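Keep the structure open beside the text as you read.

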Amino acid sequence: MGIFEPFRAIGYITTHVPFSVQRLGTETFVTVSVGKAFQVYNCAKLTLVLVGPQLPKKIRALASHREYTFAAFGHNIAVFRRAHQVATWESHTAKVNQLLLFGEHILSIDVKGNIFIWAFKGITENLSPVGHILLERNFTPSCIMHPDTYLNKVILGSQQGSLQLWNISTKKKLFDFKGWNSAISCTVSSPALDVIAVGCSDGKIHVHNIRYDEEIVTFTHSNRGAVTALSFSTDGQPLLASGGSSGVISIWNLEKKRLHTVIGEAHDCAIVSLHFFANEPVLMSSSADNSIKMWIFDTTDGDPRLLRFRSGHSAPPLCIRFYANGRHILSAGQDRAFRLFSVIQDQQSRELSQRHVAKRAKKLKIKEAEIKLKPVIAFDVAEIRERDWCNVVTCHMDTPHAYVWRLQNFVIGEHILSPCPENPTPVKACAISACGNFAVVGTAGGWIERFNLQSGISRGSYIDASERKRGAHGGEVVGVACDSTNTVLISGGFNGDVKVWDFKGRGLKSRWEIGCSLVKIVYHRYNGLLATVADDLVIRLFDVVALKMVRKFEGHSDRITDVCFSEDGKWLLSSSMDGTIRIWDVILARQIDAIHVDVSVTGLSLSPNMDVLATTHVDQNGVYLWVNQTMFSAPTNKVGSYGSGKAIVSVDLPSVSSTEKKSLDNDFDKAVIIPQEVEDSSDLSVLSKQIPDLVTLSLLPKSQWQSLINLDIIKERNKPIEPPKKPEKAPFFLPSIPSLSGEILFKPRESGEEEKDSQGGETEKSKRKAEFPLSQFLQYLESAADADNFAAFTEYIKELSPSTLDMELRMLQIIDDDDEEEETSKRPELHFIELLLDYFIHEISYRNNYEFIQAIIRLFLKIHGESVRRQSVLQEKAQKLLEIHSGVWQKIDKLFQSTRCMVSFLSNSQF
């Protein structure tokens with residue numbers, strides 16, 4: 001098990017698979033595909049209500065009926081009841097492309113022309129189809145629909161351009177429609193009987209009467225793109241909506257037989273699905289641009305307006321950063337969008353406004369993408385001044401300006417930062433000071449300039465007089481960073497030079513050379529370490545104060561894409577195009593974990609709480625979250641439980657759904673946890689060795705081990721005032737044998753026991769007296785001593801309550817008996833007392849569970865101190881324990897003494 005485990009993916013709304021709409025009661029729900037899983041939205045506010053589990057392959061078709069969802073993946077069809085998979089249909093031998101709900105049946109079509117008919121009744125029991133139709137070889141199905149009022153009949157469209165009418169009950173073809181010599185991409189039934197609309201790949205829409213095989217009207221898309229989706233309005237308006245491959249939605253008036261309106265730039269990619277809600281002037285559209293939108297026709301001129309929408313990145317994000325204490329993620333993508341994703345509540349995710357982009361694009365009659373800013377290549381954020389002024393600065397591709405944003409209002413700021421206006425070059429790096437008042441930007445020409453974020457006014461530039469051309473660096477500035485007190489500014493140049501500047505005076509304080517071209521620099525404000533990434537695939541850490549290299553990390557085999565520090569500065573995380581994410585321990589100066597994914601990582605960010613890691617990947621439009629297992633699991637002493645060192649573990653990317661199958665979890669546990677339980681004692685002893693002169697605590701609650709010391713006081717305080725009263729009608733109990741473990745053991749009465757004579761009774765009594773009953777406590781102790789491994793015994797006594805542990809120790813107490821004839825040295829209690837002393841010696845020598853063992857030793861000596869004093873064997877063990885304990889405590893006390901001296905000196909000093 002590695003440090004980071006896959007959790008879930010965010011930012012996925014829909015894909016190129018058509019959605020499925022259904023109505024349950026008074027509410028309408030839409031089911032969309034998000035790769036290998038599906039999501040269900042409530043159409044009232046497009047809120048996410050359900051996320052399906054992960055499937056082995058990507059979903060190719062969807063259908064929904066009441067609480068059931070049918071998803072076609074590969075050659076199979078998965079049946080879900082809400083979010084639980086209840087069945088899998090496996091009759092197809094080719095990829096399934098189409099699903100159609102048809103009364104009490106479901107029709108599935110694969111690429112080879114096989115149509116299987118499945119029944120609703122007995123979904124979980126009947127895993128075989130109730131019917132099968134094989135289409136002709138020269139007929140490749142592309143779409144399927146059921147014309148209203150046509151009992152048991154469906155119409156199939158083909159890529160060859162023809163239509164066929166089939167009766168699925170008799171499994172016979174009833175009629176062939178010639179078509180229009182163009183591949184049919186979609187068909188839909190109209191509210192008027194016998195009338196359907198057919199969309200073709202040549203951009204034409206044919207409204208056809210299937211009863212008389214007559215064409216009523218033909219519409220043509222102006223851009224000549226393929227018609228990808230169709231829907232008729234059912235609220236009384238004679239409207240037909242059509243979507244094309246260019247992302248434009250056209251609305252046609254069927255009475256006037258002409259174009260009614262056009263929703264230009266409705267989506268950035270081809271329209272996948274269109275659906276008019278029943279008896280409502282609302283149209284829903286989805287596209288492969290990872291968005292789903294709802295349009296309402298309520299304006300005076302009949303033009304639609306955007307009612308609500310949900311969208312994510314339509315192109316892979318490049319830069320990500322946690323914000324608001326890890327609750328949100330800022331993400332900038334290649335789609336020119338700057339987005340804010342919520343890790344907790346998906347409804348709070350949104351795109352930051354670039355101020356009336358749609359209105360300006362409509363006025364200038366150009367595309368929205370041309371109005372938007374170019375893709376962000378770097379940005380920085382400061383939370384301290386969020387309520388006062390802009391707190392985000394972004395650098396854009398091939399843009400000589402830096403832009404500011406105000407996250408409180410989710411809009412772009414009013415100021416534009418333009419460094420070196422006399423010689424403008426693209427801005428490549430930016431940073432915001434710790435106080436949130438200043439922004440520092442670096443350009444491709446080597447210029448570094450400081451701006452005031454409140455006013456947007458330049459506050460001076462940083463110039464190195466030793467450079468040939470006027471500027472801070474001779475080449476491109478790859479990164480800038482400010483310290484926590486606005487004392488110094490650190491900058492890195494593409495040529496491999498790192499410079500430290502006086503932040504306020506803007507003078508050069510020092511510089512050093514890396515020796516190769518720099519790619520990126522990251523500075524940790526609290527520990528003063530600067531991480532540099534060079535093109536030789538080596539990560540170097542520099543102490544900015546001492547001006548020397550302190551760490552050097554090697555291991556990546558391809559270009560390093562991103563690095564980041566943990567909040568406490570102890571970890572450094574790096575990602576590379578070789579598909580690995582590596583975690584380096586800055587203190588130990590070594591790699592502690594590495595994971596490999598199939599898709600190369602382009603960016604990463606670790607939350608301030610260090611509980612969640614966010615990553616972006618090549619050709620993936622979402623943001624992937626990983627959880628830190630050390631934050632969500634109990635501490636363990638098992639070898640290899642966290643951190644695999646140089647070993648690289650291959651893992652899958654997180655899925656949209658965070659739920660995992662229990663069978664997979666069980667298999668994983670069997671493969672990982674069980675081998676660790678049978679580790680030999682040599683490995684355990686190595687693990688038990690602590691850092692020199694330090695001890696390890698038990699992590700138990702303070703009250704648990706303190707109660708052992710003060711148990712007599714607690715019992716006296718909690719002593720009842722009055723003795724318990726016997727109830728009038730006492731319940732009947734079966735005779736049982738008392739046991740220390742708390743289990744009730746019933747002993748049947750033997751009839752022969754009553755018939756034994758007095759001599760036999762005395763023999764049995766003496767025999768029972770000689771035997772010593774072993775409790776679970778003593779069994780654990782004896783087995784641990786035999787194996788010379790007390791780990792299991794320690795875990796057992798940690799789980800015992802203070803009173804139970806006190807009772808276990810008192811059961812070993814040696815009480816003098818006048819009638820006892822055997823010597824005390826031969827008593828079995830003495831053997832277990834000796835084992836307990838061996839246990840104390842072992843734990844103290846390895847300095848494990850220090851405070852807990854101290855409390856047990858105190859209680860042990862209080863109970864068995866007199867027995868230890870009388871027995872020479874126990875005295876030798878106690879003397880050895882004293883020597884080891886004194887040696888350990890002297891080292892600890894020496895560390896405490898220096899701290900006590902410092903505190904005493906500071907408390908007596910007058911400042």
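The buried residues of helix α10 (791-799) are covered by a set of elements that includes α6 (702-709), α9 (776-787), α11 (802-810), α12 and α13 (850-870). Cover here is a matter of contact, meaning heavy atoms within 4.5 Å. The helices (H or I, at least four residues) and strands (E, at least two) are DSSP runs, numbered from the N terminus. Before going on, note that this is a predicted model: local features need pLDDT of at least 70, side-chain atom pairs count only at pLDDT 80 or more, and totals for chains, interfaces and linings use all residues. Residues are numbered from 1 along each chain as its sequence is written, and side-chain values use heavy atoms, with hydrogens and water left out.

So which residues of α10 are buried? They are Phe793, Thr794, Tyr796, Ile797 and Lys798, where buried means under 20% relative accessible area, exposed over 50%, and partly exposed in between (1.4 Å probe, protein chains only). Take Phe793, with a relative accessible area of 1%. Leaving aside residues up to four places away in sequence, Phe793 touches Phe777, Tyr780, Leu781, Ala784, Leu836 and Tyr839. Tyr780 sits 13 residues from Phe793 in sequence, and their C-alpha atoms are 5.5 Å apart.

Is Leu906 buried or partly exposed? It's partly exposed, at 44% relative accessible area. With Met902 and Phe905, Leu906 makes a nonpolar surface patch of about 320 Å² of accessible area together. Accessible areas come from the Shrake-Rupley method with a 1.4 Å probe, and for residues only the protein chains shown count as cover.

Now for the strands. β20 (204-209) is mostly covered, with five of its six residues buried. On one hand, β20 runs antiparallel to β19 (195-200), joined by five bridges, with Gly199 opposite Ile205. Three residues lie between those two strands, and Gly203 has a positive phi near 90° in that hairpin. On the other hand, β20 is antiparallel to β21 (214-220) through six bridges, and Asn209 stands opposite Glu214. That hairpin has four residues between its strands, and there Asp213 takes a positive phi near 55°.

There's also an open sheet of five strands, ordered β50-β51-β52-β53-β57, with mixed pairing. Its edge strands, β50 (560-565) and β57 (649-650), each pair on one side only; strands pair if DSSP finds at least two bridges between them. β50 and β51 (571-576) are antiparallel over five bridges, and Val563 faces Ser574 across them.

Stepping back, the chain has 14 helices and 57 strands, and 48% of its 911 residues count as buried.

Key
Patch = residues over 30% accessible without salt bridge, like charges linked within 9 Å, V, L, I, M, F, W, Y side chains within 5 Å. Salt bridge = Lys/Arg side-chain N within 4 Å of Asp/Glu carboxyl O.
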